[in-house]
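Here is a set of questions about labels and the numbers behind them. Each answer puts a value beside its cut-off.

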Amino acid sequence: MGMVLLVRHGQASFGAEDYDVLSETGVAQSKRLGAWLAEAHVVPTAVVHGAMRRQGDTATAMGEGAGWRVTPEVDVAWNEFDHLGVVARGRDAVGEPPDLADRRSFQRAFERATARWSGGGHDHEYDEPWPAFVARVTEGLDRAGARDGVTVVVSSGGPIAIVCAALVDPDATAAELPRLWNAFNTVCTNTGVTRVITGSSGRRMLTFNEHSHLTRDQVTYR
């Protein structure tokens with residue numbers, strides 16, 4: 001029976017010129033997570049991360065905190081969707097540009113834009129349509145779940161939420177899946193851990209968004 005630990009990356013640099021860089025808090029979160037996993041005697045057979053810098057740097061800092069000797073591998077299936085591109089398409093559709101420096105303004109625009117992206121009917125407007133995003137994450141989970149032992153996967157809120165939505169309700173319709181996805185995606189904490197097992201009865205989610213390794217002032221969502 002294999003287990004996959006899905007880890008959301010540490011806090012990135014929201015509002016900075018380059019978002020895809022861990023903040024000081026993000027580095028501290030990642031190292032603390034590694035130490036916490038080591039304290040729990042978690043020894044992964046593989047560490048996988050998406051190709052984004054914040055994901056790779058989280059994997060590196062986590063490994064340093066844990067003292068693991070496993071060399072991380074890249075699997076682009078775990079990349080986040082192009083959230084800025086999706087928000088830009090949503091802005092073009094509704095004509096209301098978000099204030100990228102204001103978290104609440106961006107969150108409102110983000111939720112409207114992702115609802116449009118995942119709702120169907122506009123797939124031709126996006127470089128990666130919603131169905132393609134769902135398919136690549138599913139393929140990534142299949143690869144990770146096929147490994148023996150514990151596989152630690154560092155990804156982002158979007159892919160992790162897809163996994164959770166599909167496991168919570170495998171029979172969800174194309175219209176229901178986006179609603180479930182949004183419910184998970186909006187509460188994923190940075191360096192939160194979600195545990196998935198694959199056994200004789202299939203694949204199941206054991207826990208979602210564990211973050212007890214963080215102090216209260218370290219808990220962040222973007």
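**Labels and cut-offs**

Q: What makes aspartate 57 count as partly exposed?
A: Aspartate 57 has 31% relative accessibility. Buried means under 20% relative accessible area and exposed means over 50%, with partly exposed in between (1.4 Å probe, protein chains only). So aspartate 57 counts as partly exposed at 31%.

Q: What kind of model is this, and which pLDDT limits apply?
A: This is a predicted model: local features need pLDDT of at least 70, side-chain atom pairs count only at pLDDT 80 or more, and totals for chains, interfaces and linings use all residues. Residues are numbered from 1 along each chain as its sequence is written, and side-chain values use heavy atoms, without hydrogens or water.

Q: Why is the meeting of arginine 53 and aspartate 57 called a salt bridge?
A: Their side chains come to 3.4 Å, N to O. A salt bridge needs a side-chain nitrogen of Lys or Arg within 4 Å of a carboxyl oxygen of Asp or Glu. The pair therefore qualifies at 3.4 Å. Both residues lie in helix H2 (residues 53–66), four residues apart, about one turn of the helix. Helices (H or I, at least four residues) and strands (E, at least two) are DSSP runs, numbered from the N terminus. Arginine 53 is partly exposed, at 45% relative accessibility.

Q: How many salt bridges does a search of the whole structure find?
A: The search finds nine. One of them joins arginine 203 and aspartate 142, with the closest N and O atoms 3.0 Å apart. Arginine 203 lies in strand E6 and aspartate 142 in helix H5, so the pair ties together parts 61 residues apart in sequence. Arginine 203 is partly exposed at 28%, and aspartate 142 is partly exposed at 39%.

Q: Is arginine 195 buried or exposed?
A: Arginine 195 is buried, with a relative accessible area of 16%. Arginine 195 also forms a salt bridge with glutamate 210, the closest N and O atoms being 2.4 Å apart. Arginine 195 lies in strand E5 and glutamate 210 in strand E6, so this pair ties together parts 15 residues apart in sequence.

Q: How do you know that E5 and E6 pair?
A: Two strands pair if DSSP finds at least two bridges between them. Strand E5 (residues 193–199) and strand E6 (residues 202–210) have six bridges, in the antiparallel sense. Threonine 207 in E6 is the bridge partner of arginine 195.

Q: What span is expected for helix H5, and what does H5 reach?
A: The expected span is 1.5 Å times one less than the number of residues. H5 (residues 130–145) has 16 residues, for which 22 Å is expected. H5 reaches 23 Å from its first C-alpha to its last, close to that value.

Q: Which residues of H5 are buried, and why do they line one face?
A: They are Trp130, Phe133, Val134, Arg136, Val137, Gly140, Leu141, Ala144 and Gly145. Seen down the axis of H5, they fall within an arc of 165°, so they line one face of the helix. The arc is that of the directions from the helix axis to the C-beta atoms.

Q: Which residues is serine 30 in contact with, leaving aside neighbours within four places in sequence?
A: Contact means heavy atoms within 4.5 Å. The partners of serine 30 are Gly10, Leu22, Thr58, Ala61, Met62 and Thr191. Serine 30 lies in helix H1 (residues 24–39). Serine 30 is buried, at 0%.
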